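Here's a quick briefing on the model, written for someone who wants the contacts first and the confidence scores after. Have a look at the structure, then read on.

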Amino acid sequence: MLVGCALLFMAGGWYIYNLAEDAYAGRRAEEILKQFDDTPIDTAGTKAPVIIVGGDAFCGKIIIEKLSAELPVYAEWDDARLKSAPCRYTGSIDTNDMIIAAHNYKSHFGSLGKLAVGDEVTFIDAYGKAHLFEVRELITLDGTAVSDMQSGGWDFTLFTCTKSGEQRVTVRCKRK
């Protein structure tokens, strides 16, 4: 019984930790977005123009109206950046092969699976140019299926982990 109580206590602590991490990520993304419009574009030494906020490079922002989501997108991804905002996983908006990854926080891509074929997603690049996409496919991929994530010739792909973390909710889009 003591072990059961300890396990329940640990599960509760883990749940509270996840809620706090999600709330932090949402606040951090909002703080970054507030600085976007007032920040000059940096074109020096980068493959594509970026917006520098707090020393970090962002390639733009994503707007998913159906999910009431507007989020900055880091120009490069790593685990630390994913804790604050979505990241460009690979590809480019200019070459029609951009893939964006985010945690499944409620404040990020936690509701990604609620999108449907025909829904719209907008990416606004560092120049402020809007790129409109239409959802064409929703699939769940194995967590290790990196080549499947990058295949298919999709113009724009979004993905996040499932709750278990073993698979990836993947949304494939074509440019409108």
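This is a predicted model: local features need pLDDT of at least 70, side-chain atom pairs count only at pLDDT 80 or more; totals for chains, interfaces and linings use all residues.

**Charged pairs**

- R28 and D56 make one of the salt bridges, with 3.9 Å between the closest N and O atoms.
- That pair links distant parts of the chain: R28 sits in helix 1 (residues 2-36) and D56 in strand 3 (residues 56-64), 28 residues apart.
- Is R28 buried or exposed? R28 counts as buried, because its relative accessibility is 18% and the buried class takes in anything under 20%.
- D56, at 22% relative accessibility, counts as partly exposed, because that class lies between the 20% and 50% limits.
- K176 and E120 also meet through their side chains, in a salt bridge of 2.6 Å from N to O.
- Here too the pair links distant parts of the chain: K176 belongs to the segment after strand 10 (167-175), while E120 is in strand 7, 56 residues apart.
- R136 forms a salt bridge with E134, and the closest N and O atoms are 3.9 Å apart.
- R136 itself counts as partly exposed, at 44% relative accessibility.
- Which residues do shared partners join into one network? Salt bridges that share partners bring R28, E31 and D56 together.

**Aromatic rings**

- The structure holds five aromatic pairs.
- W77 and Y89 form a tilted one, 5.4 Å from centre to centre with 35° between the planes.
- W77 is in the loop between strand 4 (69-74) and helix 2 (79-82), and Y89 is in strand 5 (residues 87-90), so this pair links distant parts of the chain, twelve residues apart.- Both members of this pair are partly exposed: W77 has a relative accessible area of 38%, and Y89 has one of 21%.
- F123 and F156 make another tilted pair, with 6.0 Å between centres and 55° between planes.
- Why does the F123 and F156 pair tie together separate parts of the sequence? F123 lies in strand 7 (residues 120-125) and F156 in strand 9 (residues 156-161), so the pair ties together parts that are 33 residues apart in sequence.
- F123 and F156 are both buried.
- Ring pairs also link W77, Y89 and F159 into a cluster.

**Strand pairing**

- Strand 7 and strand 8 (residues 130-142) run antiparallel, joined by five bridges.
- Across that pairing, V121 stands opposite F133 in strand 8.
- The two strands form a hairpin with four residues between them, and G128 in the turn has a positive phi of about 90°.
- How many bridges join strand 8 to strand 10? Nine bridges join them, and these strands also run antiparallel.
- On this side, L138 stands opposite V171 in strand 10.
- A general point for reading the sheet: in a regular strand, side chains alternate between the two faces.

**The largest pocket**

- About 720 Å³ of space lies in the largest pocket.
- It is lined by 30 residues, and the closest to its centre are H103, N104, Y105, C161 and T162.
- Helix 1, helix 2, helix 3 (146-150) and strand 9 each supply at least two residues of the lining.
- Which element gives the most to the lining of the largest pocket? Helix 1 does, with five residues.

**Confidence by element**

- Among the elements of the protein chain, strand 7 has the highest mean pLDDT, at 96.
- Strand 1 (residues 41-42) has the lowest, with a mean of 69.

Terms used. Residues are numbered from 1 along each chain as its sequence is written. Side-chain values use heavy atoms; hydrogens and water are left out. Rings of Phe, Tyr and Trp (its six-membered ring) pair if their centres lie within 6.5 Å; planes under 30 degrees apart count as stacked, over 60 as edge-to-face and the rest as tilted. Buried means under 20% relative accessible area, exposed over 50%, partly exposed in between (1.4 Å probe, protein chains only). A salt bridge is a side-chain nitrogen of Lys or Arg within 4 Å of a carboxyl oxygen of Asp or Glu. Two strands pair if DSSP finds at least two bridges between them. pLDDT is the predictor's confidence in each residue, from 0 to 100. On a 1 Å grid over the protein atoms alone, a cavity is a set of points where a 1.4 Å probe fits but cannot get out, and a pocket is an open set with protein on both sides within 12 Å along at least five of seven lines; lining residues have an atom within 4 Å of a point. Grid points are joined across faces, edges and corners, and a volume is the space filled by probe spheres set on the points.
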